[in-house]
Amino acid sequence: MVSRVIPVDPFDLVIFGGTGDLARRKILPGLFRRFLAGQMPGESRIIGAARSDMDDAAFRAMVHEAIKEFGGRESADEAHLRAFLNRLHYVSIDAKGDGGWAQLSGLMVEDRIRAFYFSVAPSLFGDLAERLHTFEIANKASRIVVEKPFGRDLETARALNATLAAHFDENQIYRIDHYLGKETVQNLMAVRFGNVLFEPLWNNHYVDHIQITVAETVGVGGRGAYYDKSGAMRDMVQNHLMQLLCLIAMEPPSQFNADSVRDEKLKVIRALQPMENHHIVRGQYDRGKDGQGYRNDVENDRSFTESFIAMKCHIANWRWAGVPFYLRTGKKMKARSSEIAVVFRDLGHSIFEGDEARHRNILSIRLQPNEGMDLQVTIKEPGPGGMRLVDVPLDMTFADALGPDAADVPDAYERLIMDVIRGNQTLFMRGDEVEAAWAWTDPIIKGWESRNDVPKLYEPGSAGPDDSLMLLHRDGRRWRDIKG
Ligand code: NAD
């Protein structure tokens with residue numbers, strides 16, 4: 001199979017925070033791969049804009065090093081890497097002052113797509129938006145990309161939306177959630193809405209429950225101070241897990257376009273039932289063998305912040321009434337694994353004599369590692385010995401069926417940045433979606449804060465606190481194993 005790359009028009013991408021961690025690890029190496037794929041046509045440029053005082057040559061040297069470190073095997077292609085670096089420029093800028101803005105304005109050329117990536121702290125978003133207008137750098141066709149966190153509650157998210165809306169229309173604002181850029185997340189929509197097989201079963205008549213797990217093996221690392229003010233609910237559930245839940249649960253949009261898809265996602269969030277406290281388990285990782293626990297990592301020995309959360313949610317609509325959605329995410333878990341599992345109901349009756357085992361169809365959508373999908377089906381065990389049934393995964397991973405090129409898919413950031421250049425907002429969060437998600441999570445967080453809720457300790461390298469297992473046990477169900 002020959003991989004098909006959709007051409008884009010020439011563009012200038014300004015990365016505010018171009019010297020930061022995210023730019024060096026994800027954005028710039030991703031752009032290099034898109035350059036190799038032929039998606040930086042003509043005179044397209046990338047302009048780093050950050051506080052550090054450096055010139056084009058120093059910025060190129062920094063990006064060179066970053067691509068060598070984070071760029072994967074493509075970074076060995078020195079000739080193309082040089083050509084890519086020549087497309088890079090740098091402006092030293094102060095988001096909070098006027099320094100550097102006139103220079104950036106002078107770099108802009110007419111008749112080219114302009115995109116501005118806000119890869120800086122959200123407290124600078126307003127300053128950037130305002131100065132892009134004051135210095136007439138942004139126009140009606142420009143796009144801005146904003147990173148998470150998008151607020152820390154409904155009030156701050158509303159304020160942030162209002163700040164951006166003062167200078168940009170909603171169709172210019174790209175709120176990034178890189179989970180939506182993952183190949184399998186999009187494949188989930190293709191499988192649901194491109195086949196006749198699944199959609200008739202996608203409801204409370206055939207689905208027993210759904211599990212969404214996002215497990216990390218790392219602790220809070222160097223982000224302790226930020227994380228301790230945030231916790232798993234704000235850092236992971238309100239955005240990534242909610243987005244995955246929406247895609248799994250939404251009604252079929254009438255078309256695959258930005259507003260049709262986002263309208264349906266919004267309806268899911270609005271249909272989420274308020275949470276009951278006994279349906280939530282909060283956890284905090286304990287000291288491991290190295291003596292380091294969560295509280296050491298965040299340097300706060302009185303912290304009540306959760307590094308793990310498991311919850312049972314319900315969506316109050318006709319399709320999903322009575323079907324639990326179990327969500328779970330945590331740090332320092334036994335494996336790095338993100339999976340959505342749609343667990344179908346048991347057979348009403350088995351015609352096979354002596355078959356005591358419970359056979360279930362499970363559609364598993366793996367986001368990491370080894371992105372792919374499989375469907376657990378029951379078949380006859382080959383060979384003699386009568387009608388012995390066995391459950392096997394039917395591999396729906398594209399690589400085998402479509403050839404080796406198909407496995408070489410762009411990373412989530414690459415795909416999403418190219419969507420920005422193409423002007424396609426389907427995989428970005430709309431302002432009202434983000435606010436609705438906060439409106440649902442706010443009362444939960446406020447409840448913990450008012451009660452001084454203490455998270456349960458769990459062993460590093462485990463599957464979280466025992467109470468999380470009990471959450472499903474009580475319903476006669478069990479979590480799927482967390483496998484890396
Ligand atoms: P960072 O601290 O590594 O980099 C911050 C960048 O902002 C630097 O380039 C710095 O020069 C620039 N900057 C700071 N103050 C400035 C000012 N007054 N004027 C102009 N530039 C200024 O941060 P990061 O980790 O790259 O994160 C950037 C954004 O992306 C944050 O909003 C963060 O929450 C978000 N994010 C980061 C990651 C990640 O993996 N690093 C993941 C998801 C979201």
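How far does a backbone N or O atom of Val 120 lie from an oxygen atom of the ligand? The distance is 2.8 Å, a polar contact in the sense of a pair of N or O atoms within 3.5 Å. The model is predicted, with local features needing pLDDT of at least 70 and side-chain atom pairs counting only at pLDDT 80 or more, while totals for chains, interfaces and linings use all residues. Residues are numbered from 1 along each chain as its sequence is written, and side-chain values use heavy atoms, with hydrogens and water left out.

Backbone N or O atoms of two further residues also face oxygen atoms of the ligand: Leu 22 at 2.9 Å and Gly 20 at 3.2 Å.

Turning to the helices (DSSP runs of H or I, at least four residues, numbered from the N terminus), H6 (residues 154-165) packs with H14 (residues 431-451) at about 165°, the axes being 8 Å apart. Axes are lines fitted to C-alpha atoms over the stretch in contact, and angles run from 0 to 180 degrees between N-to-C directions. H6 is therefore roughly antiparallel to H14, a label for angles over 145 degrees. In contact (heavy atoms within 4.5 Å) are Leu 154, Ala 157, Arg 158 and Asn 161 of H6, with H14 residues including Trp 438 and Asp 442.

H9 (residues 231-249) also meets H14, the axes coming within 10 Å and crossing at roughly 140°. That makes H9 oblique to H14, the class left after under 35 (roughly parallel), over 145 (roughly antiparallel) and 65 to 115 degrees (roughly perpendicular). On the H9 side, the residues are Met 233, Arg 234, Gln 238, Met 242 and Gln 243.

Conventions: Helices (H or I, at least four residues) and strands (E, at least two) are DSSP runs, numbered from the N terminus. A polar contact is a pair of N or O atoms within 3.5 Å; within protein, one must be able to donate a hydrogen and the other to accept it, and residues adjacent in sequence count only if both atoms are side-chain atoms.
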